[in-house]
Amino acid sequence: MTQLAPPAIESADIRWHDGIPESRTFGDVYFNRDNGLEETRHVFIRPNELARRFARVADGAAFVIGETGFGTGLNFLAAWQEWRRANPPPCARLHFVSVERYPLQREDLHRALALWPELADLAEELVAQYPPLVRGAHRMRLDNGRVRLTLFFGDVLDAWQELEFNADAWFLDGFAPALNPSMWPDEAMEQIRRHSKREATLATFTSVGRVRRALENCGFQMHKAGGFGRKRDMLVGSLPPDPGPAPRNDVPQPKGIAIIGAGIAGCLLARNLAERGVPVTLIDAAEQPGAGASGNLQGALYVKLGVEFNAQTQLALSGLLFSQRYYASLPEPLSESLSESPSGSCWHRTGLFQMAHNEQERQRQQRFLERNQYPADIVEPVDAGAATDLTGIETEHSGLWFHNSGWLQPAALCRDLIRPPGITTLFSNPVESLARNGNQWFIATQRQTVSAAQAVICGGHHSPALIPVDSQHGHFRFKPIRGQVTHLPDHVVKAPRAVICGPRYINPTCDGVAVTGATFDLHNASPEMNEASHRENIDELHDMLPAIWLDQAPGPDQHLSGRVGFRCTTHDYQPAAGALAAVPGADLRDLFLLTGLGSKGLTYAPLLAEYLADTLTGEPACLPRSLIKRVRPERCFRPMAQEKVS
Ligand code: SAM
């Protein structure tokens, strides 16, 4: 067995026997040779009474299934099909949380699922969204977000340690206990109990006494039932109505949430919550969404993956993969505003070239490639010739190629995201203060006061001023960083076919303009554009990509347009997403924060909006605990006492 470097994970070793997949590692079949789909229904779907229970799920509520052993995804698709048959209300959601130690390669998944013509459309959607084989938690939004799959690539015990969820029903799959004891230790059963809601049910193909006893010891009432095909027995179980303390994340459906800030973070969160049936009021001082840092004509989906595969790199990678899936799944064209635009859709998957523009960056990329193993559908090294072919602009630098990345039109996207019903918008409403009274937040704007049981601040660099913390207790360590972009008309630059990133980025042209930038001005607070910033952008772009000009770089006499925005960064350059409650000296219960995205807003915001929506609705979290810890807003708070000492 070859030792893989992170974040790669060993894939399933499949042997196809008469067209049916078998695991060479475990010497067992993934499903019954005679009729795997009927087996799934007999063993998992019916004993958990899913048809009856799905039909009772209220609008805005969620049903959660946990599974051990994702394998080919057959059980998942069968549950999804049953969910569709039950025709639940429009804002009800099915969550499926599963774990897989040896994920199938996409081609094997496709081949295995092709065995079930009646599941073809669901299989196609799953295969299209199936993540690259890298360790950790992956969230997929399927069926327009009505079905959400959280798939953890790793060992079962790590998954149940890392994931936050409570299941209504369980499918215990995972090869026979005798062939695969790693799936069935007592500790795994205890974790299943810990992740179960009251009256949770479970079903498993095995009838092994040790498994039954372990589940009984954890509080499940177990009984035998007739197995499928030649198997005599299987096990079915349930938790009694009151097995002890209520599960922690039984959160009531939110009645209404106020979001302050209609940039990319606020708009994505508003859309996400509205799709879950939560009424949202979106408030912004500007006349329209995407008026701040999210308002640029173009933005690239770009992260710099760290040389070390630590939590920071994992967060960047999760954000990148989720946002690529998210933008790719948006309907095209999204809105009238875009269908009118010659460029069509918001999202352009052109690929992205990260240039090794100097010796230091070349060595950094070399170390990155030596220490890590990324699947080529995430990132792969390219030499200067390949980079020239891929981007269409001659370069003498090698670099990294992100095949599934690209660029989008952030302001247009913001406008489009908030169109659906369920989102009330209050533009031209500068927020003056937030105050908590009783169980409500009161948000005073220049024109009116809005009250909501929960509020989320997505105010970019305005966020610290909005958090009602008395400065004598301390402050939040956020800082605004000015960024000016320059618009280069297509009679000045050649149009690259892909995004090119180095000390500056340049995008393919959109409606006759390519955006380049941005400056990184720590000590300039001016919202006005200036010539020096344009010059800086052009000089840096010229240094990294001299072949970009059709003739020559624009001179100082040439009038250039552009835009100024302010990124919001934190002291550790990591985003902040979550509840503010634990800040000393202030009652910030039910107040949440989503900001600090720096220049990576387009990459981080979809995943963090999904996470925050999960938290607000008490649904399974898309982020594992280690990353939840990483983005906790409290880490950005600096108490006054500490300030005096240092
Ligand atoms: N439910 C699957 C389906 O619908 O195709 C079939 C599951 S198959 C019988 C069992 C799966 O459990 C295999 O894909 C195997 O790689 C996975 N597995 C085995 N041991 C594991 C472990 N310790 N942690 C996580 N997954 C494991």
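1. Basis. This is a predicted model, in which local features need pLDDT of at least 70 and side-chain atom pairs count only at pLDDT 80 or more, while totals for chains, interfaces and linings use all residues. Residues are numbered from 1 along each chain as its sequence is written, and side-chain values use heavy atoms, with hydrogens and water left out.

2. The six-stranded sheet. An open sheet of 6 strands runs in the order β20-β13-β12-β24-β32-β31, and its pairing is mixed. Strands are DSSP runs (E, at least two residues) and helices likewise (H or I, at least four), numbered from the N terminus; two strands pair if DSSP finds at least two bridges between them. β20 (423–426) and β31 (576–579) are the edge strands, each pairing on one side only. On average, neighbouring strands of this sheet are turned by 20 degrees against each other, direction ignored.

3. Pairings within that sheet. β12 and β13 are parallel and share 4 bridges, with Ile257 opposite Val280 in β13. β31 and β32 (residues 591–595) run antiparallel, also joined by 4 bridges; Ala576 has Thr595 of β32 as its bridge partner.

4. Helix on sheet. α9 lies across β12 (257–260), β13 (280–283), β20, β24 (454–457) and β32, and runs at about 170 degrees to β13. Angles run from 0 to 180 degrees between N-to-C directions, and axes are lines fitted to C-alpha atoms, for helices over the stretch in contact.

5. Helix on helix. α9 (residues 264–275) also packs with α17 (residues 601–617), at an angle of about 40 degrees and with the axes 8 Å apart. The two are therefore oblique to each other (under 35 degrees is roughly parallel, over 145 roughly antiparallel, 65 to 115 roughly perpendicular, the rest oblique). The contact (heavy atoms within 4.5 Å) includes Leu268 and Leu269 of α9 and Ala605 and Ala609 of α17.

6. The three-stranded sheet. A second open sheet has 3 strands in the order β14-β19-β15, with antiparallel pairing. Its edge strands are β14 (299–300) and β15 (347–348). Between β14 and β19 (residues 407–408) there are 2 bridges, and Gly299 is partnered by Leu408 in β19.
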